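Trainee: Please take one part of this model and go through it closely. I would like the cut-offs stated as you go.

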Amino acid sequence: MSENEGSDGTVASNRKDFSANVIEQIGKLRLVLFALLFVSLSVLAPVFISKGLGGDFHVGYGFLSLRTVVCLLGLLVVYFCCDGLRLFYVLRSMGYRIPLVGLAKLVFVNIFFSNITPMATGGGFAQIWYLRRFGVPLGTATAATTLRTFLATVCIFGVSPFLLLFLHPFSTSLGGGILSLGFAFLGIVYLFLFCLALLKRNWMIFVLHRGLNLLCRTKVIDRARAVSWRSKAVKEIVRFSRDIRRCSRGGADILLSVVCTAVFLMALFSFPFFLLRGTGYPVPYLLSVGLLILTTFIMYFSPTPGGAGFAEGLFGLFFLSSIPSSELVSVIVIWRFLTIYLGMGIGFLFTLTDLFGRRRCGA
């Protein structure tokens, strides 16, 4: 090899390393910006709601009795435990077991990244990354997190259109029927795409093939790298498909995952009921749960990180007629703290610990 060829190879290698570093830095910057956007919207939404109701922004806790606090803490334990167990049993049906410490990390890291990325797209990727560190193959990790998400979305998307038909005040208006059809259409499309990802292995390979060819034509990657990536990706897609089929024959483990998913969702949707009961203005349990299911359904399509802004606004809109406006902001902030902010904070600490730990090991 000539000196010029060696020089060209070094330059090309340095250029690739520089490009990879730039892409990594851009990715980190986007996460920081999304996190700042989440915090800003989470703070501003209650402020605007309070101002819109003609009051000063304040958060009070005086309405929370000891009994209410105990109920909320018990509900919080069930919420976090069942969130972890629903993934644990899916993984066990595929032949993998995760230690309890690892399971806790998966729960809280998922909450953290889901809420600093639009439409909760980051939580699954973060969990896949952590599962890889526990020795779970990429295809299996992707299959497990996808199936875990699918079980929850089936419950929420399947119920939401019917709530609009039978839940007051939607059931008494023409708009409720129209919204029900719109929600049903969105739900069918969303679940259809999920089913394609779960069942149509050849379609996934076809999309991968076309995507890599496009990257080659635009000179983003060279042909050798595309071939290498295609080989690895096809292997993981085959494993993904195989593990989904194996999971469908998981018997008791899959049944336990479904049960844990149902308990997890009921715990999540029950927080407002106990908070509202603490104010002395209890809302019927089924009405409270139904309104929060609709709130969660709409948040799936929110473009903001973690549905920030949309969540607070929808909650205020749905529950304004059920609770005094003077305490509405307090209920919204406590609800978001228990279901989102607390888990995000723990997930952030886990993430920082892992990052600094890796840097020390690297040093």
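**Thr261 and its surroundings**

Mentor: Leaving aside neighbours within four places in sequence, Thr261 is in contact with Arg86, Leu151 and Ala152, where contact means heavy atoms within 4.5 Å. The model is predicted: local features need pLDDT of at least 70, side-chain atom pairs count only at pLDDT 80 or more, and totals for chains, interfaces and linings use all residues. Residues are numbered from 1 along each chain as its sequence is written, and side-chain values use heavy atoms, with hydrogens and water left out.

Thr261 sits in helix α9, residues 252-278; helices (H or I, at least four residues) and strands (E, at least two) are DSSP runs, numbered from the N terminus. Thr261 counts as buried because its relative accessibility is 1%. Buried means under 20% relative accessible area, exposed over 50%, and partly exposed in between, with a 1.4 Å probe and protein chains only.

Cys260 is also a buried residue, at 9% relative accessibility. Its closest cysteine sulfur is that of Cys82, and the 5.0 Å between the two sulfurs is too far for a bond. A disulfide is a pair of cysteine sulfur atoms within 2.5 Å, and a search of the whole structure finds 0 of them. Cys155, with a relative accessible area of 35%, is partly exposed.

The structure holds 1 cavity of 30 Å³ or more. On a 1 Å grid over the protein atoms alone, a cavity is a set of points where a 1.4 Å probe fits but cannot get out; lining residues have an atom within 4 Å of a point. Grid points are joined across faces, edges and corners, and a volume is the space filled by probe spheres set on the points. The largest cavity contains about 30 Å³ of space. Its lining consists of Asp83, Gly84, Leu87, Leu103, Leu106, Val107, Asn110, Gln127 and Arg148. Two or more lining residues come from each of α2 (66-93) and α3 (100-114), and α3 gives the largest share, 4 residues. By class, the lining has 4 nonpolar, 3 polar and 2 charged residues. Here Ala, Val, Leu, Ile, Met, Phe, Trp, Tyr, Cys and Pro count as nonpolar, Asp, Glu, Lys and Arg as charged, and the others, Gly among them, as polar.

Note on methods: On a 1 Å grid over the protein atoms alone, a cavity is a set of points where a 1.4 Å probe fits but cannot get out, and a pocket is an open set with protein on both sides within 12 Å along at least five of seven lines; lining residues have an atom within 4 Å of a point.
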